[in-house]
Amino acid sequence: MIDNNQNERIPMLALRGISAFPDMLLNFDVERQISVAALEKAMNLDRRIFLLAQRDLNVEDPAIEDLYVIGTICFVKQILRMPGGGVRVMVEGKNRARLVKVLSSHPYFDVEVAKIIEVEPSRLGDQAEALIRQTQALLERYSELAPSVSPDLLASIMDLDSAGYIADYVAQNIYMKHSKKQEILDEPRPIRRIEKLNNILLGEIEVLEIEMQLRKKTSDRMMKNQREHILREQMKTIQYELGLGMNDDAFSDIDEYREQILALKAPPDVEEKLLKEVSRLSKQSYASSEASVIRTYLDTCLALPWNKTSKERADVNKTRAILDADHYGLEKVKQRIVEFVAVRQFAPDTKGGILCLVGPPGTGKTSIGMSIAKALNRNLARISLGGVHDEAEIRGHRKTYVGAMPGRIIAAVNQAGTKNPLLLLDEIDKLGSDYRGDPSAALLEALDPEQNHSFRDHYLELPFDLSDTIFITTANNKSTIPRPLLDRMEVIELSSYTDEEKVQIAKNHLLPKQKKKHGLKSRQLSISDATIRDIIAGYTRESGVRMLERELATICRKTALKFIDEGKKSLTVKSSMLDEFLGVKKYKNEGLRASDEVGLVRGLAWTSVGGEILDVEVNVMDGTGKLELTGNLGDVMKESARAGLSYIRSRAKQLNIDPEFYKNKDIHIHFPEGAVPKDGPSAGITVTLAVISALTGAPVRRDIAMTGEITLRGRILPIGGLKEKTMAALRSGIKTVIIPQENERDLEEIDPLVRNALSFITTDHIDKILDCALDLKAIHVIGAHEVPIVPEINEKPEDNRPRLH
């Protein structure tokens, strides 16, 4: 019980990892200044100090919530000052006490405590006697399992009959966690206290027994391994004495390995390592598993082209001819590769480069890499990285593992057969990572010209020089390539093919290839340019030409069948015959609508398979100011729509829109084809114009499309993918395209056919294109607003006009 009438003020010292018990001596070191100050205060008073344990040992400056509540009032018997400012102290516990409150925490803990009065039974009952005997038995078993326990501890409690004292004495003198010691200290009732001690001892004994079993198993296993090793060595000695050791073939293999290593002319450190492995092999039994591992390792190392190179051909004219023969279009990409070869022609000793070809699927990235290898006369090895999750796939496994092998880079060099190959790392943007490591991090060394002269594969454990290797990587999406890896590569971007480029590729490359593959002569099957255009428009929707090639292959198959069934000798496929050969058209380009409509605007979107028309529909209804966004939109597109709506609210008066529309009108913005996810900021201008049209009743011109990111102040920011977007506009019959003014420089990148067929309006603010995009003469009545829109912006009249190209 707690005696509240005997509260006293006393210095307090916080203990870490230890506890003080009544009637027990305790030695410990004190280093913290706040604790030293508490000791000095106690020595100046009556040498009494309150010791209280911390909950967390790692807390350097404990607060009140970091301390337990029950501690011990102790008498300081001795203090010894140590070098460095520390103090070694001996205390004797007097009474349990509860912390009541902290009066001060600086320069030491000054606290008020209440003593806890322990009630000892007048005589030793049967329950107490049984518990004391149980404690003695448990402590005896504990001392057998824990050699660190002093034998005097058991003897000391044999003659004791105080259950509370025995519990405190044992808890003070054996190892247990400080939290369990605190449980003993917290219990003022002697019987309950010794019960808790017995439960703790039972748990400790179970743990110690498990530890002893584990030690015994480990010891038995080690003794067995030692015995087998000794017997194996004795067997080797007997075999050697009887002439039953390695046979003549084994000794012949050893000599052959040494000859091959010396003939390899490898770097000195490599040669030394391989000769050591041969020496190890000579000491192994011929049929042992270790000998098999060493042989596989030596065979792998000897197969590598340590000094074998191919003679490089750095000829600009030859490279240009090969690229033109293998690929149509891609002029900028070809030019960059020719420049790369030109540098090597002037500086043949230049180390291998690292190029990254980024573009949509089917645009010829892999085939360009193969053409570069052919132009430079380098051996090619392709490494597919799509779906690789294990770092060991790149750098190999340690040869100590069963079935270990080199990583993909060393395996590719071995496959190429030369030290200076061209390694094509395909789909580098699709590398994964999991608990087995990050393959992209393993590639950092290989793709760094400053480090790859000593690339170390985990299997080889030898430096291999990759500095003469040219690395060509391919990717569909640059954003998914880790930044450190991207910094090591020079990026060359391949854009989508235009329809005209696809026609030429189909005529000059794909159709001849498919005719040859299906056994058709060139004169047996002919397809006109117009028919190829219809195939592109109606049966493919892609950036590259893979789907187009499959459709041409289908025509070749059906043509071969017609020759057999109908006995024809030649066939010309026309547009009217496509339904028969390819079925119903899969895609249909949307033409111009019959009339201008309110709240319906045509935007332009970029996809991985090229440009698309993206319609935006807006309905305005009486309501409470709700905004509904539908069409499977991403967060960026939703934010862009809200930014456009905020701009309209800020310009409501200038746009002749009811300033309270956001309170009394519900606005629903919808993007058709709801099953297709959509995101990005480039539809901002489209959404804003559609909402303005719906709120004012002004129809939007049906022959106009637009793209651009909008800000809260109506500024139009630049976008990407202009080439693909303008091609989509042309296919859909659009006549005029509104683009951001900062994208004007990108018009030079557009195909000349598209550039000549479309009119481009550039603008840096949405106010400047309202009269171009909206039909103000045909304005409908929306509420009380029938006044045509007159943009009011603070600029000169000549600056307010959009630029027409």
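A salt bridge is taken here as a side-chain nitrogen of Lys or Arg lying within 4 Å of a carboxyl oxygen of Asp or Glu. The model is predicted, so that local features need pLDDT of at least 70 and side-chain atom pairs count only at pLDDT 80 or more, whereas totals for chains, interfaces and linings use all residues. Residues are numbered from 1 along each chain as its sequence is written, and side-chain values use heavy atoms, with hydrogens and water left out.

Under the salt-bridge criterion, the count comes to 51 salt bridges. One of them joins glutamate 272 to lysine 276, with an N to O distance of 3.8 Å. The two residues lie four apart in helix 8 (residues 268–282) and are therefore separated by about one helical turn; helices (H or I, at least four residues) are DSSP runs, numbered from the N terminus. Accessibility is classed as buried under 20% relative accessible area, exposed over 50%, and partly exposed in between (1.4 Å probe, protein chains only). Glutamate 272 is partly exposed at 47%, while lysine 276, at 52%, counts as exposed.

Two further salt bridges involve lysine. Between lysine 94 and glutamate 92, the closest N and O atoms are 3.7 Å apart. Lysine 94 is partly exposed, with 35% relative accessibility, and glutamate 92 is also partly exposed, at 22%. In the salt bridge of lysine 768 with aspartate 764, the closest N and O atoms are 2.7 Å apart. Lysine 768 is buried, its relative accessible area being 7%, whereas aspartate 764 is partly exposed at 31%. Elsewhere, salt bridges with shared partners link Lys273, Glu277, Arg280, Glu290, Arg398, Lys399 and Glu461 into one network.

The packing of helix 8 was examined next. Two packed helices are described by the angle between their axes and the distance between the axes. Helix 8 packs with helix 9 (residues 289–303) at an angle of about 155°, and their axes are 10 Å apart. Axes are lines fitted to C-alpha atoms, for helices over the stretch in contact, and angles run from 0 to 180 degrees between N-to-C directions. The two helices are therefore roughly antiparallel, a term applied to angles over 145 degrees.

Contact (heavy atoms within 4.5 Å) brings Lys273, Leu274, Glu277, Val278, Arg280 and Leu281 of helix 8 together with Glu290, Ala291, Ile294, Arg295, Tyr297, Leu298 and Cys301 of helix 9.

Key:
Angles under 35 degrees count as roughly parallel, over 145 as roughly antiparallel, 65 to 115 as roughly perpendicular and the rest as oblique.
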